[in-house]
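Here is a friendly note to read alongside the model. Please keep the view open as you go through the points.

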Amino acid sequence: MSGLPSAIRAVTLELTQARLDRFDPHATVDFLADRGVNTIVCFAIGYGGGEAYYPSSLAPEHPALQSRDLFGEVCARAAGRGLALIAYVNALFAGPEFYEPHPDWVQRWADGRESTQTGAKMLCPNSPYGEHIVAVSAEIAERYPIAGFYLDEPSLQSWCACAWCQARYARDTGSDLPLAIERGTPEFARFLSWREGVVSGFVDAVASAVRAARPGVAFFAQHAFPMASTAQPHLRHLYWGQTAGRTPPQWEGWYRPAFYGQDIARIAGSLDLVGIEPWRRFVAQPPWWPGACVSYARAAGQGKPVLPLMEYPHFPWGLARLSNSELAVNCADVIANGGDLWFPMYAPDAADREGWDALRTIFADLDGVRPAGAQQIAPVGILFSRQSAERYGANDVEERYLDDVIGTIQVTRELGFPYCVLSEDALTDADFDAMSVLLAPSAAAMRPETAARIEQWVTAGGVLIAGGWVGTHDETGAPRAESLLENLLGVRLGPEVLHTGLGYLIPREVAGLPVGTRIPVRDEQPVVAPTTAEPVFDVMPSWELFAPPADAAANPSITRNRVGAGMAVYCGIQLGRLRRRFELFEARRIMRHLLAAGGVGDLPIAGHELAPEVGLHVWRVDGALHIMLVNFSSLEMTGQAAAVGPQSVRLDRALLPKGAAIASRRGRRIRSDPRDDALIVTVEELDEWDCLIVFGQTRQAHDAGQG
Ligand SMILES: [Zn+2]
């Protein structure tokens with residue numbers, strides 16, 4: 001990639017709410033450069049009304065600009081300080097200069113209502129406004145020596161039922177544009193795909209124009225909130241009273257990128273980096289969720305660098321900034337998951353100093369913990385099926401899909417396993433080669449080619465753990481006559497639902513547990529009918545009120561099926577959903593039983609004695625291992641990571657470089673305890689994070705860095 005640093009530490013100057021008479025571009029760039037920021041993202045076209053921060057021949061200038069070239073001043077000062085400059089263009093919001101003469105350019109809800117936010121309206125990329133954005137983007141790339149270009153909010157945050165969309169839909173498909181949700185129909189599935197094609201095509205058109213104007217520029221675009229719903233009930237809970245009401249009621253409860261018409265994997269070929277907005281408080285997700293989103297975006301973007309726009313205050317226009325402790329943990333976790341760092345500076349004429357001072361230390365401490373070219377070691381893969389989120393999850397995506405996936409990530413973290421989130425849309429042979437265990441929670445609308453590739457991998461020795469409705473629905477979200485995974489799992493699933501109430505999992509003899517063992521669960525599952533699979537646990541349903549289940553007929557719930565050299569394990573109960581919604585801590589124990597049923601022994605690297613809120617991420621570079629431990633203990637409840645005592649990781653000897661020595665990046669004391677085939681490495685104390693560097697005898701300790 002051209003002029004961007006290999007480890008990006010970026011800040012966006014959000015000029016739309018700056019008081020331009022007070023904003024000093026020279027001093028602001030210096031302020032950030034002095035704090036370790038190496039990349040400035042500067043508004044060229046803002047979101048107040050499509051306003052320009054330079055003398056444009058195409059876009060109206062910001063009224064306070066008075067012909068001043070503010071963007072040019074920021075460019076010049078950034079160049080003077082050796083910082084990379086990325087131009088920001090908002091693709092969505094425009095002011096009266098555009099929508100008054102052209103009311104037909106405004107995005108429309110299905111009922112014809114305009115999509116608005118404060119004084120701006122959301123304009124449609126299918127209208128001539130889309131061509132305006134392409135032209136103004138080329139103008140900026142031609143005039144200024146930018147290293148990168150960021151297109152914000154290329155999206156249909158509406159239906160969109162404008163006249164331009166109606167006409168194009170008729171032209172593209174020969175049908176009328178649908179005006180209502182028709183879940184599980186080919187017509188509605190086509191509409192969802194078409195919307196994503198509109199946004200992808202628009203992003204690609206801007207990318208082409210920008211690259212033609214300035215070859216070598218690094219181009220990327222916004223992808224909002226991966227792994228989240230539109231979260232309307234949560235937003236109403238968070239912002240009581242008067243709110244903007246930006247989401248039409250039809251998209252309540254949908255997968256948020258589906259509402260926007262954004263699909264990372266589909267547009268990745270047009271991008272040099274992947275930009276995401278993982279504001280977790282906005283969508284009621286746990287503090288490690290932004291890192292998990294980075295992991296998914298890396299996979300969907302086929303390994304391209306990921307820049308997550310991170311929360312600095314609770315959310316950018318919030319009440320208070322995050323504690324230094326949470327900022328440190330967030331930064332460490334994003335880097336540990338393969339991302340770079342990017343913060344918005346809202347109101348840059350009046351930004352508080354303390355938070356940015358804290359980031360200077362955080363950036364310096366994290367320097368080099370994931371060196372350029374490092375490869376992740378993640379023996380557990382967790383499949384994210386975007387098609388299942390969009391088509392099967394539909395208007396209830398959290399309950400049907402996301403909670404099970406996010407809860408499964410949580411259980412995996414709590415068990416101390418290094419993992420990565422895989423994108424179904426961009427699976428590679430390297431993904432399959434790298435993992436020992438694949439978790440596929442609730443991937444109901446999995447694609448046939450995914451099912452075939454998983455079967456091939458299991459036959460060759462992989463262990464699949466699938467749960468809930470999986471492979472049971474088609475690309476429209478409607479039930480299939482036969483599950484795609486019926487042969488692999490050796491069970492027929494559904495179509496009936498078994499409601500278990502507050503029941504028990506009861507082990508069969510093969511589980512190797514004492515007679516009389518009962519593990520409480522609740523939830524529902526498909527009716528499970530084994531064909532070739534061996535039942536390992538049954539579920540005993542109960543609807544007794546405030547009483548343990550009576551001895552009742554039990555039904556298979558957990559099964560295993562040997563296929564070639566591998567094993568396909570199935571669990572009817574959605575463990576992740578139970579962990580996430582019901583706080584079923586026993587989900588960890590059940591997951592251990594699933595792994596045992598699959599014959600999974602020690603993973604090549606895993607937590608040995610790790611606190612449940614400590615995440616483990618491992619990278620290999622030049623034979624050295626960088627073991628990141630990120631500590632979320634108590635963070636959700638207090639805003640501060642609570643320091644924890646000794647934390648241990650088990651490493652297979654096969655992973656270790658010759659004559660391995662180990663150093664703590666934070667200068668903590670390390671113990672290593674050799675076992676027959678492994679090394680137990682213990683760091684005596686862990687505050688926000690540490691990076692344990694295992695290096696060979698040929699390297700000197702100082703190469704590994706010091707705290
Ligand atoms: Zn439209």
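1. Leu575, Leu578 and Arg579 of α18 are in contact with Ala587, Ile590 and Met591 of α19, contact being C-beta atoms, placed from the backbone, within 7 Å. By class, 5 of these residues are nonpolar, none polar and 1 charged (nonpolar: Ala, Val, Leu, Ile, Met, Phe, Trp, Tyr, Cys and Pro; charged: Asp, Glu, Lys and Arg; polar: the others, Gly among them).

2. A word on the source: this is a predicted model, in which local features need pLDDT of at least 70, side-chain atom pairs count only at pLDDT 80 or more, and totals for chains, interfaces and linings use all residues. Residues are numbered from 1 along each chain as its sequence is written.

3. How do the axes of α18 (residues 575–582) and α19 (residues 587–597) lie? They are 10 Å apart, at an angle of about 170°, which makes the two helices roughly antiparallel (over 145 degrees). Helices are DSSP runs of H or I with at least four residues, and strands are E runs of at least two.

4. Now look at strand β24 (residues 624–631): 7 of its 8 residues are buried, so the strand is largely enclosed by the rest of the structure. Buried means that 20 or more other C-beta atoms lie within 10 Å of the residue's own.

5. β24 runs antiparallel to β23 (residues 614–621), with 8 bridges between them. The turn of this hairpin has 2 residues, and Asp622 there has a positive phi of about 50°. β24 also pairs with β29 (residues 689–695), antiparallel, over 6 bridges; pairing takes at least two DSSP bridges.

Key. Axes fitted to C-alpha atoms, helices over the stretch in contact; angles between N-to-C directions. Parallel < 35°, antiparallel > 145°, perpendicular 65-115°, else oblique. Contact = placed C-beta atoms within 7 Å. Buried ≥ 20, exposed ≤ 12 C-beta atoms within 10 Å, placed from the backbone.
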